Amino acid sequence: MIRVVLPAHLKALARVGDEVQLELDGSVTLGTVVGAIEARYPMLLGTIRDRVTHQRRPFIRFFACERDLSHDALDAPLPDAVARGTEPLLIIGAMAGG
Amino acid sequence: MSSVRVLVGTRKGAFILESDGARKSWTVNGPQFAGWEIYHVKGSPLDPNRLYASQTSGWFGQVMQRSDDGGTTWTPVGNQFAYDGIPGTHQWYDGTPHPWEFARVWHIEPSLSDRDTVYAGVEDAALFRSTDGGETWGELSGLRTHTTGSSWQPGAGGMCLHTILLDPSDPQRIFAAISAAGAFRSDDAGTTWRPINRGLRSEQIPDPDAEVGHCVHRLALHPSRPSVLFMQKHWDVMRSDNAGDSWREVSGNLPTDFGFPIDVHAHEPETIYVVPIKSDSEHFPLDGKLQVYRSRTGGDEWEALTNGLPQRNCYVNVLRDAMAVDSLDSCGVYFGTTGGQVYVSPDGGDSWNAIVRDLPAVLSVEVQTLP
């Protein structure tokens with residue numbers, strides 16, 4: 001089970017609680033996890049990454065296990081703790097006021 | 001008894017203000033989409049419970065919402081606004097080429113003839129249309145790919161297509177306006193376009209009477225006479241009596257002819273409203289006095305409307321999409337400010353009251369007249 005925490009605005013848009021839990025077959029990467037999120041919550045398409053290029057939106061960050069994964073390749077494996085579900089993947093709106 | 005529903009987009013959400021036809025006692029619902037910029041909310045003229053909203057964020061991009069119950073509940077619909085082909089470049093602020101990049105939807109214009117057809121004006125400037133209630137969007141790319149497109153440049157707010165006017169007497173005719181490219185007209189339902197800027201003069205561009213490059217802030221028309229157009233330009237209030245083929249200035253005795261919105265009385269096609277703003281470098285009313293100006297002669301002769309509006313220490317702005325009129329017998333006029341006030345005049349501008357005073361900065365105001 002993969003655990004994902006969304007930013008507050010995307011929780012409201014997807015109408016989910018504090019944490020989203022996903023079951024993934026196969027590799028656990030940023031690409032597969034975000035893809036699974038988008039598949040379950042299609043209203044989030046385009047809000048985390050570009051719908052076509054899959055490029056991360058500039059003010060979105062990916063954190064896990066006290067590391068910044070924002071610049072990792074989409075097909076790079078996520079940390080084992082995320083794959084095992086002991087740590088969540090945090091999708092963060094960059095701290096830029098507002 | 002008739003009633004009104006005012007749809008307010010703000011920097012931090014949408015608000016729906018409702019009243020009976022007296023327009024004295026109001027209920028305020030919101031914020032909806034709290035924390036998001038709501039550039040525009042507008043209802044279908046065919047089905048007042050069908051609303052569309054543009055929800056946008058620098059963090060999370062563009063979301064489009066649709067309601068089928070007058071704004072009580074909403075459903076996210078399609079948010080893919082892909083330019084046709086390879087978009088190419090337009091001018092950047094410094095005159096260098098800059099790639100066309102979608103940023104947000106500024107304006108939504110539901111069709112006059114089909115509740116599932118709706119137009120969207122976007123930044124970077126382009127016109128999109130959906131025929132399935134907002135689920136999917138296709139570009140009417142004849143506008144963006146006009147031969148002048150590469151010379152268009154952004155205004156201070158971005159290169160936005162902010163005005164879409166549908167001609168009620170001719171379904172083939174659409175007007176659009178872009179900051180800072182100018183006004184355009186299509187006579188074939190949006191397939192091809194031509195600039196309609198003859199008579200405009202803008203000192204901020206190298207050739208002041210160029211075919212394009214003018215910072216048009218807003219267009220308005222009266223549905224009974226759609227070949228007469230009114231324009232608030234960056235500076236100058238303008239009028240066309242031939243569907244934009246030519247324009248003449250009607251600023252007349254306005255204390256300043258800079259401003260953003262312009263609108264037309266629901267029952268008097270020659271009665272128009274503007275909100276004069278001091279200048280392009282000082283976006284607030286002259287002398288701290290918030291004044292709507294009304295012309296009953298289609299321009300040139302203007303009177304200040306001040307009853308109920310703050311006449312000292314007022315330094316708000318009124319943005320281009322933040323004025324609307326209802327169609328009750330005594331025409332109501334509405335506008336919202338960057339200070340969060342939404343004002344109503346239930347008597348065509350003679351007197352004003354604040355419906356609300358402390359909303360987030362108001363980006364847009366629309367009103368629906370309900371049976």
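**Close-up views of a two-chain predicted model**

**Figure 1. Surroundings of Val8(B) in the predicted model.** Leaving aside residues up to four places away in sequence, Val8(B) touches Ala14(B), Phe15(B), Leu17(B), Gly336(B), Val342(B), Leu359(B), Val362(B) and Val365(B). Val8(B) is also among the residues with the most contacts inside the largest nonpolar core, together with Ala176(B), Met231(B), Tyr334(B), Val342(B) and Val365(B). This core has 126 residues. Strand S15 of chain B, residues 174–179, gives the most to the core, with five residues. In soluble globular proteins, nonpolar side chains tend to be buried together.

**Figure 2. The open sheet S26-S27-S28-S29 of chain B.** Four strands form this sheet, and their pairing is antiparallel. Its edges are strand S26 (323–325) and strand S29 (353–356) of chain B, each of which pairs on one side only. On average, and with direction ignored, neighbouring strands of the sheet are turned by 25 degrees against each other. Strand S27 (residues 333–336) and strand S28 (residues 342–345) of chain B are paired in the antiparallel sense over four bridges. Within S28(B), Val342(B) is the residue that stands opposite Gly336(B); both Gly336(B) and Val342(B) are also touched by Val8(B).

**Figure 3. Strand S10 of chain B and its partner S11(B).** Strand S10, residues 104–110 of chain B, is mostly covered, seven of its seven residues being buried. Six bridges connect S10(B) with strand S11 (residues 118–123) of chain B, and the two run antiparallel. His107(B) stands opposite Gly121(B) in S11(B).

**Figure 4. The loop position of Thr191(B).** Thr191(B) lies in the loop between strand S16 (182–186) and strand S17 (194–195) of chain B. Because 13 other C-beta atoms lie within 10 Å, Thr191(B) is classed as partly exposed. Ser141(B) is 50 residues apart from Thr191(B) in sequence, yet the two are 7.4 Å apart in space, C-alpha to C-alpha. Not counting residues up to four places away in sequence, Thr191(B) touches Gly142(B) and Ser186(B).

**Figure 5. Strand S5 of chain A between two faces.** Strand S1 (residues 2–5) of chain A runs parallel to S5(A) and is joined to it by two bridges, with Val4(A) opposite Leu89(A). Strand S3 (residues 60–64) of chain A runs antiparallel to S5(A) and is joined to it by four bridges, with Phe63(A) opposite Leu90(A).

**Figure 6. The buried face of helix H2 of chain A.** Buried residues in H2(A), residues 30–40, are Leu30(A), Val33(A), Val34(A) and Ile37(A). Seen down the axis of H2(A), these buried residues fall within an arc of 95 degrees, so they line one face of the helix. Their cover includes S1, strand S2 (20–22), S3 and S5 of chain A.

**Figure 7. Contact between chain A and chain B.** In this view, 13 residues of chain A are in contact with 12 residues of chain B. Helix H1 (residues 8–14) of chain A gives the most to the side of chain A that touches chain B, with three residues. By class, that side of chain A has seven nonpolar, four polar and two charged residues.

Key:
Residues are numbered from 1 along each chain as its sequence is written. Chains are lettered from A and ligands numbered from 1 in the order in which they are written. This is a predicted model: local features need pLDDT of at least 70, side-chain atom pairs count only at pLDDT 80 or more; totals for chains, interfaces and linings use all residues. A nonpolar core is a set of buried Ala, Val, Leu, Ile, Met, Phe, Trp, Tyr and Cys residues joined through C-beta atoms within 7 Å. A residue is buried if 20 or more other C-beta atoms lie within 10 Å of its own, exposed if 12 or fewer, and partly exposed in between; C-beta atoms are placed from the backbone. Two residues are in contact if their C-beta atoms, placed from the backbone, lie within 7 Å. Ala, Val, Leu, Ile, Met, Phe, Trp, Tyr, Cys and Pro count as nonpolar, Asp, Glu, Lys and Arg as charged, and the others, Gly among them, as polar. Two strands pair if DSSP finds at least two bridges between them. The arc is that of the directions from the helix axis to the C-beta atoms. Axes are lines fitted to C-alpha atoms, for helices over the stretch in contact, and angles run from 0 to 180 degrees between N-to-C directions.
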